[in-house]
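Open the model in your viewer and keep the selection tool handy. We will go stop by stop, and at each one you will find what to select and what is there.

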2 protein chains.
Amino acid sequence: MRKPAAEADAPQKAAGNQPKTARGEATRKAILTAAERVIGEKGYNDASIGHITSEAGVAQGTFYIYFTTKEQVFSELVLEMGRLVRHTIAEATQGIGNRLEAEEAGLRAFLEFVQAHPDLYRIVQEALFVDPAAYEEYYKTFAAGYRSGLVAAEAAGQISKGDTETRAWALMGIARALGEQLVVFKSEKPISELVASAYDLIANGIKP
Amino acid sequence: MRKPAAEADAPQKAAGNQPKTARGEATRKAILTAAERVIGEKGYNDASIGHITSEAGVAQGTFYIYFTTKEQVFSELVLEMGRLVRHTIAEATQGIGNRLEAEEAGLRAFLEFVQAHPDLYRIVQEALFVDPAAYEEYYKTFAAGYRSGLVAAEAAGQISKGDTETRAWALMGIARALGEQLVVFKSEKPISELVASAYDLIANGIKP
């Protein structure tokens, strides 16, 4: 029986050894980048630790200096992706005082990130089946940050009053659907057009 | 290597025998309903044809009267789910002349369907890995219908002018994210509140 997210084992955030040197950190990142490519291409079940170390250009034994199992490198990859996406959006919206402008810039940054990491979408989606706790953490952390931003913008009168929780989920749903358009359904619509159309919907709705 | 959706084998829509009698049709539906429950609970890999026939209360050999393989019953399930969702929304919005009201009624019907079929979400998501062609057909068929509705509403002046293709994907993204809230993240927010908040966003946007 599939484990529901709440009962699943917590991702082993501290498992494996944290590298102590810059070279160690570079090797760990190379393994994560290779895992992104290999798991994104082959899928979790068909990807092996050997495939990952071969892609990273390190000996198989090196994997175990940084990670304990394939499960653990997968969890770490999902959480690392979440941190990277949030960091990218935070950087893109830094210094933008108006929430509506920040929505637009954040959506653009997200779609550019997805396009630059075409395997991200599949990896996060596959986490629902491979590591439900990491999937839940990915989306819940994202939603909590999104919601805080909406609450502050509402208080500042930058957006209309509304249910910030549902809005956060709905706006994330829009971003995710457009990201899927790019990397799963291979839409050739430029990101600028996707962002402009979505922004118009988000800001003004579709009422005539 | 994972097969991209476009190159994957087309789902064998005509595979297996189509039942010729009402009783045969009832047995076929019972097997699909059992597959929905078993694959939804165990995941595709861990679900077996034996589990499905046992859940359906039929002999294992009976499965092969209607389906050829586990792959095929899965594809058929994804496509059947798509037909059912579209039929449910069409029924709920029939006779509603105004598109904005139809958006609201359609979203409510979709979320009620997802809540009544809690395994649907996982099954469709898992199709991205198990049967990319069925996944693509599910979303593309849905999007094409959604877009036609928006094009007609735009022509009738019931919604503002805009990029109907991106709007269709964005609106589907909202519905999917709220459905996930219900069945994956176990939100206890009533459907009526989710619909009211999402409708406000869809109709009016968040501009103050």
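This is a predicted model: local features need pLDDT of at least 70, side-chain atom pairs count only at pLDDT 80 or more; totals for chains, interfaces and linings use all residues.

**Stop 1: a bridge between chains**

Select Arg167(B) and Asp200(A). Their side chains meet in a salt bridge, 3.6 Å from N to O. Arg167(B) sits in helix α8 of chain B while Asp200(A) belongs to helix α9 (residues 191-204) of chain A, so this pair joins two chains. Now select Asp200(B) and Arg167(A). They form a salt bridge too, and here the closest N and O atoms are 3.7 Å apart. Between chain B and chain A the count of salt bridges is 8.

**Stop 2: the side of chain B that touches chain A**

Stay with chain B and colour its helices. On the side that touches chain A, α1 (22-42), α5 (99-116), α6 (120-130), α7 (132-155), α8 (164-183) and α9 (191-204) of chain B each supply at least two residues. Which helix gives the most to this side? Select α8(B): the answer is this helix, with 13 residues. If you colour by residue class, this side of chain B shows 25 nonpolar, 13 polar and 17 charged residues.

**Stop 3: the whole interface**

Next, select both sides of the contact, which takes 55 residues from chain B and 55 residues from chain A. The size of an interface is often given as the accessible area lost when the parts come together. Here, chain B and chain A bury about 4,900 Å² between them, with 60% of it on carbon and sulfur atoms.

**Stop 4: the axis**

How many degrees of rotation superpose chain B on chain A? It takes 180 degrees, with 0.0 Å of shift along the axis and an RMSD of 0.0 Å. The two copies are thus related as by a two-fold rotation axis. To find that axis from chain B, select Gly205(B), whose C-alpha is the nearest to it in that chain, at 2.0 Å. Of the interface residues of chain B, 100% are also interface residues in chain A, so the copies meet through the same surface.

**Stop 5: Asp163(A)**

Select Asp163(A), in the loop between α7 (132-155) and α8 (164-183) of chain A. Its side chain reaches the backbone nitrogen of Glu165(A) at 3.1 Å. Leaving aside residues up to four places away in sequence, Asp163(A) touches Lys189(B) and Ser197(B). For a distance within chain A, pick Leu150(A): this residue is 13 residues from Asp163(A) in sequence and 9.4 Å away in space, C-alpha to C-alpha.

**Stop 6: the annotated spans**

Finish with two selections taken from UniProt. Its unreviewed entry places the feature "domain: HTH tetR-type" at residues 25-85 of chain A. That span is 80% helix and 0% strand, and its end C-alpha atoms lie 20 Å apart. Then select residues 48-67 of chain A, which the unreviewed entry lists as "DNA-binding region". The end C-alpha atoms of residues 48-67 lie 13 Å apart, and the span is 75% helix and 0% strand.

Conventions. Residues are numbered from 1 along each chain as its sequence is written. Chains are lettered from A and ligands numbered from 1 in the order in which they are written. Side-chain values use heavy atoms; hydrogens and water are left out. Copies are superposed by least squares on the C-alpha atoms of residues with pLDDT of at least 70 in both. Contact means heavy atoms within 4.5 Å. UniProt positions are given in the numbering used here, feature names are shortened, and annotations may be inferred rather than shown by experiment. Helices (H or I, at least four residues) and strands (E, at least two) are DSSP runs, numbered from the N terminus. Buried area is the accessible area (1.4 Å probe) that two parts lose on being put together, summed over both. A salt bridge is a side-chain nitrogen of Lys or Arg within 4 Å of a carboxyl oxygen of Asp or Glu. Ala, Val, Leu, Ile, Met, Phe, Trp, Tyr, Cys and Pro count as nonpolar, Asp, Glu, Lys and Arg as charged, and the others, Gly among them, as polar. A polar contact is a pair of N or O atoms within 3.5 Å; within protein, one must be able to donate a hydrogen and the other to accept it, and residues adjacent in sequence count only if both atoms are side-chain atoms.
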